[in-house]
Amino acid sequence: MTVPDKVRELLALDRADEAIALVDEWKAGGGEMDDILYYLLGNAWRKKGSWQMAMNNYLEAVAINPESPASQALDIANEILAFYNKDMYNQ
């Protein structure tokens, strides 16, 4: 099983911490990061609620491959973060 497949499996099981650790080990061992791994890493951080880390990884993926699915994920993340009622914070 490839690293991206294992990361997908971990994310499907809601084990984002393990997915992040797996990618970190892969990088530390000299593994090449491609747009798919950055995209999956972004998804793992998003599942943990760390939007900044998610978006950083999506940006890395898009820099490698502008046609990456991370491009759409980045657009969606921006829309989600821009959609809130500012008046709710003043109550």
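User: Which residue meets the side chain of Lys 48 in a salt bridge?

Analyst: The model is predicted: local features need pLDDT of at least 70, side-chain atom pairs count only at pLDDT 80 or more, and totals for chains, interfaces and linings use all residues. Residues are numbered from 1 along each chain as its sequence is written, and side-chain values use heavy atoms, with hydrogens and water left out. A salt bridge here is a side-chain nitrogen of Lys or Arg within 4 Å of a carboxyl oxygen of Asp or Glu. At 2.5 Å, N to O, the partner of Lys 48 is Asp 17.

User: How many residues apart in sequence are the parts that Lys 48 and Asp 17 tie together?

Analyst: Asp 17 is in helix α2 (residues 16–28), and Lys 48 is in the loop between α3 (35–47) and α4 (51–64). Helices are DSSP runs (H or I, at least four residues; strands are E, at least two), numbered from the N terminus. The pair therefore ties together parts whose separation in sequence is 31 residues.

User: Is Asp 17 exposed or buried?

Analyst: Buried means under 20% relative accessible area, exposed means over 50%, and partly exposed lies in between (1.4 Å probe, protein chains only). Lys 48 reaches 41% and so counts as partly exposed. Asp 17 has 52%, so Asp 17 counts as exposed.

User: What is the N to O distance between Arg 15 and Glu 18?

Analyst: Arg 15 is partly exposed, with a relative accessible area of 33%. Glu 18 is partly exposed too, at 38%. Side chains of opposite charge can pair when their charged atoms come close. The salt bridge of Arg 15 and Glu 18 has an N to O distance of 2.6 Å.

User: Why are Glu 9 and Lys 6 about one helical turn apart, and what is their closest N to O distance?

Analyst: Both residues are in helix α1 (residues 3–12), three residues apart, so about one helical turn separates them. Both are partly exposed: Glu 9 at 32% relative accessibility and Lys 6 at 31%. They form a salt bridge, and the closest N and O atoms are separated by 3.5 Å.

User: How many salt bridges does the whole structure hold?

Analyst: Lys 48 with Asp 17 is one of them. Glu 9 with Lys 6 is one of them as well. The search of the whole structure gives a count of five.

User: At what angle do the axes of α2 and α3 cross?

Analyst: Axes are lines fitted to C-alpha atoms, for helices over the stretch in contact, and angles run from 0 to 180 degrees between N-to-C directions. The two axes come within 9 Å. The crossing angle is roughly 145°.

User: What is the handedness of that crossing, and which α3 residues make the contact?

Analyst: The crossing of α2 and α3 is left-handed, meaning that the near helix is turned anticlockwise from the far one by less than a right angle (clockwise would be right-handed). From α2, the contact uses Ala 16, Ala 19, Ile 20, Val 23, Trp 26 and Lys 27. Contact means heavy atoms within 4.5 Å. The α3 side is Leu 37, Leu 41, Ala 44, Trp 45 and Lys 47.

User: Which residues does Asn 57 touch, not counting those up to four places away in sequence?

Analyst: Asn 57 lies in helix α4. At 7% relative accessibility, Asn 57 counts as buried. With that sequence limit, the residues touched are Tyr 38, Leu 41, Gly 42 and Trp 45.

User: What is the phi of Asp 14?

Analyst: Asp 14 lies in the loop between α1 and α2. Asp 14 is exposed, with 62% relative accessibility. Most residues other than glycine have a negative phi. Asp 14 is not a glycine, yet its phi is positive, at about 55°.

User: How much accessible area do Ile 76, Ile 80 and Leu 81 have together?

Analyst: They form a nonpolar surface patch. Patches take residues with over 30% relative accessible area and no salt bridge, joining like charges within 9 Å and nonpolar side chains (Val, Leu, Ile, Met, Phe, Trp, Tyr) within 5 Å. Leu 81, in helix α5 (residues 69–82), counts as partly exposed at 37%. By the Shrake-Rupley method with a 1.4 Å probe, where only the protein chains shown count as cover for residues, the area together is about 240 Å².

User: How many helices does the chain have?

Analyst: The elements run α-α-α-α-α from the N terminus on. The chain has zero strands. Its helix count is five.
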